[in-house]
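Thank you all for coming. I would like to take a few minutes to go through some side-chain and helix contacts, and I will begin by putting the sequence and structure on the screen.

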Amino acid sequence: MPVGLRRLGEDVTEELEYVPGRFIVNRIVRPRFACSGCEAFTQAALPSRPIERGRPGPGLLAHVLVNKYADHLPLYRQSGIFERDGIDIDRSTLADWVGKSTALLEPLADTIGRHVLAGQAIFADDTPVKMLAPGTGKTATARLWAYGRDERPWGSDVPPASWYQFSPDRKGQHPKDHLAKYQGWMHADGYAGFEDLYRSGDIREVACMAHVRRKFVDIHRAQGSAIADEAIQRIAQLYAVEKEARGSPPDRRADIRQTKAASIFDDLEVWLHAQLPSISGKSPLAGAIRYALTRMARLRPYLDHGILELDNNTAERAMRSVAIGRKNYLFVGSHTGGRAAAIAYTLIETAKLNGIDPQAWLADTLARIPDYKINRVDDLLPWKTGASS
């Protein structure tokens with residue numbers, strides 16, 4: 001310190017900087033030894049790797065999967081990014097890595113699926129994705145289905161999870177196959193293909209108020225309809241009750257709904273019936289009211305059961321990543337590519353739901369799973385092994 005000056009304190013300025021990620025090459029050296037007496041030789045076995053005779057490490061494979069399915073970077077863009085770092089990896093090579101790593105992880109995705117279907121109530125939704133049609137150079141419309149389990153709103157400590165399945169079309173047989181062993185409640189929209197599921201009685205339907213509300217919101221924005229606006233306000237009262245009930249045990253949630261929401265729900269239904277005679281039966285507003293009345297009859301069970309929700313937003317949130325991703329990668333190349341996407345989304349979205357860094361968890365899992373016993377794969381679930389993000 002200069003003579004004659006005394007320290008009064010200091011100013012500290014923090015600057016956030018970015019250092020690009022880097023590639024490293026791990027060299028595995030295995031000396032060979034020969035017996036001087038019998039001329040036999042020995043060498044340590046090569047450690048198991050996610051892709052046999054492949055060059056990617058588990059961290060790189062996890063990076064590619066998370067880039068594509070969580071950060072929505074198509075493989076051709078990833079190839080270009082790697083090239084800027086002096087690494088030449090063709091898009092077709094990356095596609096091969098995605099296929100082989102998701103095949104290795106498939107038992108873990110199946111385990112998550114069984115966890116979801118063990119719930120008393122699940123959430124279901126589907127969304128279109130384009131798939132290349134073989135030999136035509138064109139695309140066909142395939143589907144990704146999402147089935148969710150999230151019991152946190154009623155105070156359960158069971159880990160939330162999302163399970164995805166791929167199909168080449170939207171036939172009702174697909175969800176029937178996916179849910180063949182499920183018994184319980186299912187929150188869903190009004191897709192006609194689900195009707196077969198409800199006929200047996202093993203699966204009980206819970207409709208979605210968010211779908212009802214959305215139709216009135218669209219009409220109000222387009223026309224400024226006073227009736228649509230009042231419908232929105234009445235539905236908002238139901239959501240206000242849900243805000244109060246959130247986090248309480250099921251019995252308490254049911255009590256709150258019976259005390260505060262049941263009369264609002266009943267009044268809304270009566271009010272909707274009363275509006276129909278005063279408007280044109282062919283108008284969008286009349287269509288929205290008729291849809292609401294049909295769905296409300298199937299939504300009523302939520303008033304009596306605290307494990308149920310007012311809407312299907314859990315499943316709709318599970319589809320957001322898919323919706324953003326398809327805008328970037330545009331289509332899946334084949335049925336195999338669609339199945340790979342379903343596995344990757346299952347793992348990544350479930351990790352995110354549990355506050356787990358998907359890349360760190362996938363890197364660790366890909367390093368461990370080649371030598372893991374199939375009957376112990378549950379030990380690798382993200383809420384058992386992952387580090388919080």
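This is a predicted model: local features need pLDDT of at least 70, side-chain atom pairs count only at pLDDT 80 or more; totals for chains, interfaces and linings use all residues.

Residues are numbered from 1 along each chain as its sequence is written, and side-chain values use heavy atoms, with hydrogens and water left out.

Let me start with the rings. A pair of aromatic rings is described by the distance of the centres and the angle of the planes. Here, rings of Phe, Tyr and Trp (its six-membered ring) pair if their centres lie within 6.5 Å, and planes under 30 degrees apart count as stacked, over 60 as edge-to-face and the rest as tilted. By this rule the count is 7 aromatic pairs. One of them joins Tyr69 and Tyr345, edge-to-face, at 5.2 Å centre to centre with 75 degrees between the planes. This pair links distant parts of the chain, 276 residues apart, since Tyr69 belongs to helix H1 (residues 58–69) and Tyr345 to helix H12 (residues 335–353); helices here are DSSP runs (H or I, at least four residues), numbered from the N terminus. Tyr69 has 2% relative accessibility and therefore counts as buried, a term that means under 20% relative accessible area with a 1.4 Å probe, protein chains only. Tyr345, at 0%, is buried too. Tyr69 and Tyr345 also form one aromatic cluster with Tyr164.

Next come the charges. A charge sits over a ring if NZ of Lys or CZ of Arg is within 6 Å of the ring centre and within 35 degrees of the ring normal. Arg170 lies over the face of Tyr191, 4.0 Å from the ring centre, and the charged end of Lys215 sits over the ring of Tyr291, at 4.7 Å from its centre.

Finally, back to H1. How do H1 and helix H2 pack? Helix H2 covers residues 75–84, and the two pack at an angle of about 130 degrees with their axes 10 Å apart, where axes are lines fitted to C-alpha atoms over the stretch in contact and angles run from 0 to 180 degrees between N-to-C directions. H1 and H2 are therefore oblique to each other, as angles under 35 degrees count as roughly parallel, over 145 as roughly antiparallel, 65 to 115 as roughly perpendicular and the rest as oblique.

Note on methods: Buried means under 20% relative accessible area, exposed over 50%, partly exposed in between (1.4 Å probe, protein chains only).
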